[in-house]
Amino acid sequence: MENILIQDNDQDILDVMRLALELEGFNVYSLLRYKDDFLEYIDLVKPHVVIIDYRLSGAECIDICQKIKQRHPHLPVIACSCNTDIHTVYDQHGFNDYIKKPFDIDLLYKILRKHIRSSNSASWVGTSSKA
């Protein structure tokens, strides 16, 4: 069973995503806010994909994405945003993909499966580039 880590600043969105992904058979770990130990939490739960809330400016989200990519370069990180330009900026900052809010559940599943296949084929899951 694949592990998905979701961070969003809206509890309702976290609840909907958690329920939808659990019904689809994923192990879901969710965080309402970024924490100082976010990278250690990634090491602990060993997600196949990380979904991060890309807020209006995106600065904090971009910083977190870059830190994840430094430690785990093959871990797919997906930006989730209601920003109208997310489709043009997500890859400029290291994200592998994006999910636009409000999101279509079937599209969410499709995007996750695409990136889970790539993370499994990279055989990095559960390891750290710092090791």
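Guide: Let us begin with a term: a residue is called buried when its relative accessible area is under 20%, exposed when that area is over 50%, and partly exposed in between. With that in hand, take D43: its relative accessibility is 27%, so D43 counts as partly exposed. Please keep in mind that you are looking at a predicted model.

D43 has a charged partner in R71, and the closest N and O atoms of this salt bridge are 2.6 Å apart. Where do the two residues sit? D43 belongs to helix α2 and R71 to helix α3, so their pairing ties together parts that lie 28 residues apart in sequence. R71 itself is buried, because its relative accessibility is 12%.

R71 also forms a salt bridge with E40, this time with 3.8 Å between the closest N and O atoms. E40 is in helix α2, which covers residues 38–45, while R71 is in helix α3, so this pair links parts 31 residues apart in sequence. E40 has a relative accessibility of 42% and therefore counts as partly exposed. To picture this spot, start from the buried R71, then look towards D43 and towards E40.

Now stay on helix α3 for another pair. The side chains of D63 and K67 meet in a salt bridge, with 3.2 Å from N to O. These two residues are 4 apart in helix α3, which means about one helical turn separates them. D63 is partly exposed, with a relative accessible area of 34%, and K67 is partly exposed too, at 37%. In total, the structure holds 8 salt bridges.

Aromatic rings are the next stop. A pair of such rings is described by the distance of the centres and the angle of the planes. The model has 2 aromatic pairs. Y90 is buried, its relative accessible area being 17%, whereas Y98 is partly exposed at 24%.

Finally, a word on confidence. The protein has a mean pLDDT of 86, and 89% of its residues reach 70 or more. Strand β1 (residues 3–7) has the highest confidence, at 95, and helix α4 (residues 86–89) the lowest, at a mean of 83. Over residues 121–131, pLDDT stays under 50, and the model has 21 contacts beyond four places in sequence for that stretch.

Definitions and conventions
Residues numbered from 1 in each chain as written. Predicted model: local features only at pLDDT ≥ 70, side-chain atom pairs only at ≥ 80, totals over all residues. Heavy atoms only, no water. pLDDT = per-residue confidence, 0-100. Contact = heavy atoms within 4.5 Å. Phe/Tyr/Trp six-rings, centres within 6.5 Å; stacked < 30°, edge-to-face > 60°. Buried < 20%, exposed > 50% of the residue type's maximum accessible area, 1.4 Å probe, protein only. Salt bridge = Lys/Arg side-chain N within 4 Å of Asp/Glu carboxyl O.
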